[in-house]
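Hi,

Here is the structure I said I would pass on to you. Have a look at it first, and then read my notes below.

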Amino acid sequence: MRRHKHLFEQVTSLTNLLGAAKEALRGKRFRPPGAAFFLELEKELVRLHEELQGGSYLPGDYHYFTIREPKERLVAAAPFRDRVVHHAIVRVIQPLFERRFIEDSFASRPGKGTHAAMRRAAQFAKQYRYALKCDVRKYFPSIDHEVLLELVARVIGDSRLFQLMATVIDSHHDSVDQYWPTGGDLLDVRLQKRGLPIGNLTSQFFANVYLNPLDHFVKHELRVRGYVRYLDDFLLYSDDRRQLKRHGSLVQANLAELRLTMHPDKYRLLPTRLGVDFAGYVVFADGRIRVRSKSVRRFAGRYRRMLWELRHRCRPAAEVTQSVKAWVAHASHAQSVGLRRVVLGQRRSLCRTSESRGYSGAGKSSARGVRGGNWNNNSNNLSASNRNNNNPTNENNNIGFRVASP
């Protein structure tokens, strides 16, 4: 396998650092760290360039906080200048690793994502009778730094870039384990750092690199045609239950070589006719696609809270609109017209409350301001009998709406 050299100058060039800074700022333009960096953009980039070239660059301290949706996780936010370095590294090395990734790996890759992963899983569900659902237990906290650097070294032959990547990887760890290498004595103990910070761009990229050997093992040694992976969640398909059980045992052994373990509660053999949960959806052998029930309940609860906050003027209408549009876009990839009607059925009370509190004026014009999105927004559509009438402007029966601003 070819190892790539002469990459460090590309990563640390001012042109690449400028592009990386713009990518790191995307979606965070009005947050203080990014705004402060761009206020002195030229000075910051030159200083970062000189530190990288001189070998004096050191990552800053992470800001740790906990999120509880979809489940409780500890997220590590790196300083903005470190995020620029992360983007600069990935911009150069990602094309080199892309050639080595299999087609059916979908996380954090250009042109892929959750919806592409779901469609591929749905395609396999229609072809095979059974699916083996697998999930790696505590994936990000379990990633072994030594194993990861060995995998990186197979592709990156530039010693200066490799050292920079090692510095980024070692800037965070969740635990340090002790282990004794085979053939060593009792005193030959080694420390084993584990864990990548959830939140870094490099962590998402390295997470794909780490499971790439598993992908090739399943596809090329086990010769499983029906295989799809999204990060640490993956499916194996077959018409033979016994074969899937054998493959499952071999996959667990391969994960053990990567110092990972299978999640015991998420390791299941399922008939595809009963539905397979993957990437936020449930796909069926007959072609049906449903939104995962847990995510529906989670959004419904969040939506009720947002409506309450909107009525009490604790949350801007634009935030509610953005959140609803994102969920509708997600749900629209499944058969969910009726589901969206039920979940978003509280919009009537929102309209009445908005009018009574003076959010959007009074009378019919305020009601027309509340409904929108892909609606054919005319007065006829405001009556209950025509609420889902999108003709003649479009045919998609989308029930999206737009919340009126105060």
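Helix α10 (residues 201-221) lies across strands β6 and β7 and runs at about 170 degrees to β6. Some terms before you go on: helices (H or I, at least four residues) and strands (E, at least two) are DSSP runs, numbered from the N terminus. For the angles, axes are lines fitted to C-alpha atoms, for helices over the stretch in contact, and the values run from 0 to 180 degrees between N-to-C directions.

This is a predicted model, in which local features need pLDDT of at least 70 and side-chain atom pairs count only at pLDDT 80 or more, while totals for chains, interfaces and linings use all residues. Residues are numbered from 1 along each chain as its sequence is written, and side-chain values use heavy atoms, with hydrogens and water left out.

Now the sheet itself. Four strands form an open sheet in the order β6-β7-β3-β8, with antiparallel pairing; two strands pair if DSSP finds at least two bridges between them. Strands β6 and β8 (268-271) stand at the edges with a single partner strand each, so one side of each has no neighbour in the sheet. From one strand to the next, the twist averages 20 degrees. Helix α6 (residues 114-127) also packs on the sheet, where it touches β6 and β7 (contact means heavy atoms within 4.5 Å). The direction of α6 makes about 155 degrees with that of β6.

At the other end of the strand order, four bridges join β3 (residues 130-135) to β8. Look for L132, which stands opposite L269 in β8.

Most residues other than glycine have a negative phi. L231, though not a glycine, has a positive phi of about 60 degrees; L231 sits in the loop between β6 (227-230) and β7 (233-238). R313 also has a positive phi of about 60 degrees without being a glycine, and R313 is in the loop between α12 (293-311) and α13 (317-331). Which of them is buried and which exposed? L231 is buried, at 17% relative accessible area, whereas R313 is exposed, at 56%. Buried means under 20%, exposed over 50% and partly exposed in between (1.4 Å probe, protein chains only).

Finally, the whole protein: there are 16 helices and 11 strands, and buried residues make up 47% of the 406 residues. Among contacts between residues at least 6 apart in sequence, 67% join residues at least 24 apart.

Cheers
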